[in-house]
Amino acid sequence: MGSLHDLADEIAAIEQRVGDAIFDAVRDQLRGDDVAARERERQLSRVRRSLAKAESLLRATDPDED
């Protein structure tokens, strides 16, 4: 298994993908195409905040960090 820093990098990549999905949900809201887009955006925002917190915690505890 890689270091905690590597795991934090993977989480950061997932966080970026969630950010892209949030952008898509906001765009759908603005177009009025999707009535569930607002709730999806809220849920995804919660997920992104949790991922950001997990990434931060991993980076803070990584013994391999220079």
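Predicted model: local features only at pLDDT ≥ 70, side-chain atom pairs only at ≥ 80, totals over all residues.

The chain has 66 residues, of which 26% count as buried. Its secondary structure consists of 2 helices and 0 strands.

I turn now to the helices. Two packed helices are described by the angle between their axes and the distance between the axes. Here, helix α1 covers residues 4-31 and helix α2 covers residues 37-61. Their axes come within 9 Å and cross at roughly 165°. Because an angle over 145 degrees counts as roughly antiparallel, α1 is roughly antiparallel to α2. The crossing of α1 and α2 is left-handed. What kinds of residues form the contact of α1 with α2? They divide into 18 nonpolar, 5 polar and 9 charged.

Let us next consider a residue of helix α1, namely Ile11. Is Ile11 buried or exposed? Its relative accessibility is 14%, and the cut-off for buried is under 20%, so Ile11 counts as buried. Leaving aside residues up to four places away in sequence, Ile11 touches Leu51, Ala54, Glu55 and Leu58. For one of these, Leu51, the separation from Ile11 is 40 residues in sequence, whereas the C-alpha to C-alpha distance is 6.5 Å.

With a relative accessible area of 48%, Ser50 is partly exposed. From Ser50 to Glu15 there are 35 residues in sequence, and their C-alpha atoms are 9.0 Å apart in space.

Ser56 also lies in helix α2. How accessible is Ser56? Its relative accessible area is 46%, and Ser56 is therefore partly exposed, as that category runs between 20% and 50%. Ser56 and Ala8 are 48 residues apart in sequence, with 7.6 Å between them in space, C-alpha to C-alpha.

To conclude, the picture is of α1 roughly antiparallel to α2, with buried Ile11 touching Leu51, Ala54, Glu55 and Leu58. Thank you for your attention.

Conventions:
Residues numbered from 1 in each chain as written. Heavy atoms only, no water. Helix = DSSP H or I, 4+ residues; strand = E, 2+ residues; numbered from the N terminus. Buried < 20%, exposed > 50% of the residue type's maximum accessible area, 1.4 Å probe, protein only. Axes fitted to C-alpha atoms, helices over the stretch in contact; angles between N-to-C directions. Parallel < 35°, antiparallel > 145°, perpendicular 65-115°, else oblique. Left-handed = near helix turned anticlockwise from the far one by under 90°. Nonpolar A, V, L, I, M, F, W, Y, C, P; charged D, E, K, R; others polar. Contact = heavy atoms within 4.5 Å.
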